[in-house]
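Visitor: Could you take me through one part of this structure in close detail? I would like to see how the pieces meet there, residue by residue.

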2 protein chains.
Amino acid sequence: MKDFVFQNPTRIHFGRNAMESLSGEVARYGKRVLLVYGGGSIKRIGVYDAVMAQLQAAQAQVWELSGVQPNPRLSLVYQGITICHEQNIELVLAVGGGSAIDTAKAIANGACYDGDVWDLFEGKGSNTAVLPLGVVLTLPAAGSEMSNSSVITREEDMCKRGRSTPFNFPAFSILNPEYSFSLPPFQTACGIVDIMAHMMERYFTMVEHVELTDRLIEGALKTVINNAPIVMEKPDDYDARAEITWAGALAHNTLLDTGRIGDWASHKLEHELSALYDIAHGAGLAVVFPAWMKFVLPRGGAKKLAQFAIRVFDVPETFGTEGAIAAEGIRRLETFYRSLGLVTTLHEMDIDQSRIPEMAERAVRMMGGKLGGFVPLDEAMAQEIYRLAL
Amino acid sequence: MKDFVFQNPTRIHFGRNAMESLSGEVARYGKRVLLVYGGGSIKRIGVYDAVMAQLQAAQAQVWELSGVQPNPRLSLVYQGITICHEQNIELVLAVGGGSAIDTAKAIANGACYDGDVWDLFEGKGSNTAVLPLGVVLTLPAAGSEMSNSSVITREEDMCKRGRSTPFNFPAFSILNPEYSFSLPPFQTACGIVDIMAHMMERYFTMVEHVELTDRLIEGALKTVINNAPIVMEKPDDYDARAEITWAGALAHNTLLDTGRIGDWASHKLEHELSALYDIAHGAGLAVVFPAWMKFVLPRGGAKKLAQFAIRVFDVPETFGTEGAIAAEGIRRLETFYRSLGLVTTLHEMDIDQSRIPEMAERAVRMMGGKLGGFVPLDEAMAQEIYRLAL
């Protein structure tokens, strides 16, 4: 186990009545609120009205910044910062999923930084304060509701950059699993894949003696896997939605990092895929993660992959060699993804090999020449993983 | 799953070099520090000197309050509060295990309360502020280093009262597993039993649909069970100590409460045992918990006990009926406790049945007539559990 520092100060209000806490939370921070959201979905499911009623109860004055898109854009962040400065905003409140939250995080940090907020994402500057940030979550997937990270895309060159800082932890997050009842099945499925990927990126580490966090991750993965078919079958099953919602927050809240080093190569390889082909992040991960596993299996990954197969997918220890057990675990993961209605090959997404060199080059270059920690990848290896995904 | 609010703001510095963070942490809060500890053990293992060096580096002025005993006393809390007032203390720093930390928590709260600090424990008053509290942990057991609770005993009538409040979360805790290397085997064993009890009190709930937290608890329990024989055999095994230390903090930090209601009857029954017979809390729990399990098994507890047996102690699902599987799990738990060198019956502690009615009466009365939530116990049932422990 490696030495670590752990702190997560976010206050979580979880459950059917969680929204009732919003007015009290807002009142702690001030009366001038910037509301950040996407478009119509939060209005369709009634969350917008519920939020407004709470803000009214808190006697708050509200400025709205809507139009957040998937892979949220820097230009909207600039707009939000301008509103913060001009209106003396005291609380930035995100309503939505990861894109709305990440936008709000960038605004809350950028409003307290004298230079260009993009500097923060490029590591060229740092802020020493942040506006208070609140969240009402409608889509369990990205885990941003309890995480220290934010990912923003600069449109002009589609440059996507993440930033992790304690200033990104929301002050509070409202999690009502009912808000995910009306998600389209595809979005539910992509969320499940993303949540599991956050756990698996941390799971596959070369750090030894991490039994506690291994077992916590395994338990969280099994919970998501067991509850996924329930919500796919019955979208308004509260208890199954609740298990997935809480698992999604814990997946990314840095607890499961403690004492270990994650890999994150699959995430990076998927980001390039999303950028070029405009596919959903979760859908891309369902293709990339099994391919990554197949690549690392014979390169030192068999032992951990076999442990994953046995403990998460119940492959019997008597199934065969360590390698055979590991391969069976990958097969069961693919079968699970397909049971969610997702595909597990690039071919099924009508993506061919033509741009593999370009994606591999971008993914590896962005990381300074080595991608991932479980098996560090160079460009040729990254290409090989994309080809295994064909 | 029940609605819940969760927040744990404690900053954890974990590992071999964790102490290096102390001077920086102290500097955040001020230069006037009250140091709270027990006696010679922190001096013997060099922790006292290391703390003093850090305090010096932070240019802190230090007042010392030593003499904390197991089942920490109210009189020492009063002394600490007086020092805080007279010396304008800015940080209360506990060095030790649960007793030192709980004393420091009571002092930090009491110093910000105008009335008698005991009011806070009796629910007759409340504070609206608290002095910053820091911890250097030397004994993983009580979990107070990351918990919201504090237990203090009033000597005059040996009245033991706990209080849970967000003001009890330490601002920071320094956890170096090396500090537990020199613990006597009996203390290590008692710590392990206490840590597991904190998990099991939460595990045995009648709340349904708590799969995620069930599985997190099971994983944490398995980790402790797997690492316990290693530290009993080789007390300076860093990695095994690290697993137990981090598990001990997570056991009690309220994460494993989320969405569920714990039982805590075994803890209460043990407190009466400790109070009358002056036995160690962990040693008492090793006797009481299996007896409690035997009592609840035929009274609605078989299903959860069987799950515990299968998932934590690897009892095969084919072992027999649900009841037989559950009973085998209890047997394996007792075998585990005995492998730590502990006894599992009152008889082996030279305790007979003579004071059972008195203990049952006190335990149940303190809880207002019903003890525990998994199977609510009246006085006769509490007596029966003590008798099952004979």
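Guide: Happy to. In this predicted model, let's start where helix H8 of chain A (residues 211-233) packs against helix H8 of chain B (residues 211-233): the angle is about 150°, and the axes lie 8 Å apart. Since angles over 145 degrees count as roughly antiparallel, H8(A) is therefore roughly antiparallel to H8(B). The crossing of H8(A) past H8(B) is right-handed.

Now for the residues themselves. From H8(A) come A:Glu211, A:Leu212, A:Arg215, A:Leu216, A:Gly219, A:Ala220, A:Lys222, A:Thr223, A:Asn226 and A:Asn227. Facing them from H8(B) are B:Glu211, B:Leu212, B:Arg215, B:Leu216, B:Gly219, B:Ala220, B:Lys222, B:Thr223, B:Asn226 and B:Asn227. Sorted by class, this contact of H8(A) with H8(B) holds 6 nonpolar, 8 polar and 6 charged residues.

Chain A superposes on chain B through a rotation of 180°, with 0.0 Å of shift along the axis and an RMSD of 0.0 Å. The two copies are thus related as by a two-fold rotation axis. If you want a landmark for that axis in chain A, look for A:Pro9, whose C-alpha is the nearest to the axis, at 2.2 Å. The interface tells a matching story: 100% of the interface residues of chain A are also interface residues in chain B, so the copies meet through the same surface.

For a comparison within one chain, turn to helix H7 (residues 185-203) and helix H10 (residues 265-277) of chain A, which pack at about 135° with their axes 9 Å apart. H7(A) and H10(A) are therefore oblique to each other. On the H7(A) side, the contact is made by A:Asp194, A:Ala197, A:His198 and A:Glu201, while H10(A) brings A:Ala265, A:Ser266 and A:His267. By class, the contact of H7(A) with H10(A) has 2 nonpolar, 3 polar and 2 charged residues.

Let's finish with charge pairing. Side chains of opposite charge can pair when their charged atoms come close. Over all chains, a search of the whole structure finds 40 salt bridges. In chain A, you can look at the one joining the side chains of A:Glu25 and A:Arg28, at 3.6 Å from N to O. A:Glu25 and A:Arg28 are 3 residues apart in helix H1 (residues 22-29) of chain A, so about one helical turn separates them.

Note on methods. Residues are numbered from 1 along each chain as its sequence is written. Chains are lettered from A and ligands numbered from 1 in the order in which they are written. This is a predicted model: local features need pLDDT of at least 70, side-chain atom pairs count only at pLDDT 80 or more; totals for chains, interfaces and linings use all residues. Side-chain values use heavy atoms; hydrogens and water are left out. Axes are lines fitted to C-alpha atoms, for helices over the stretch in contact, and angles run from 0 to 180 degrees between N-to-C directions. Helices (H or I, at least four residues) and strands (E, at least two) are DSSP runs, numbered from the N terminus. Angles under 35 degrees count as roughly parallel, over 145 as roughly antiparallel, 65 to 115 as roughly perpendicular and the rest as oblique. A crossing is left-handed if the near helix is turned anticlockwise from the far one by less than a right angle, and right-handed if clockwise. Contact means heavy atoms within 4.5 Å. Ala, Val, Leu, Ile, Met, Phe, Trp, Tyr, Cys and Pro count as nonpolar, Asp, Glu, Lys and Arg as charged, and the others, Gly among them, as polar. Copies are superposed by least squares on the C-alpha atoms of residues with pLDDT of at least 70 in both. A salt bridge is a side-chain nitrogen of Lys or Arg within 4 Å of a carboxyl oxygen of Asp or Glu.
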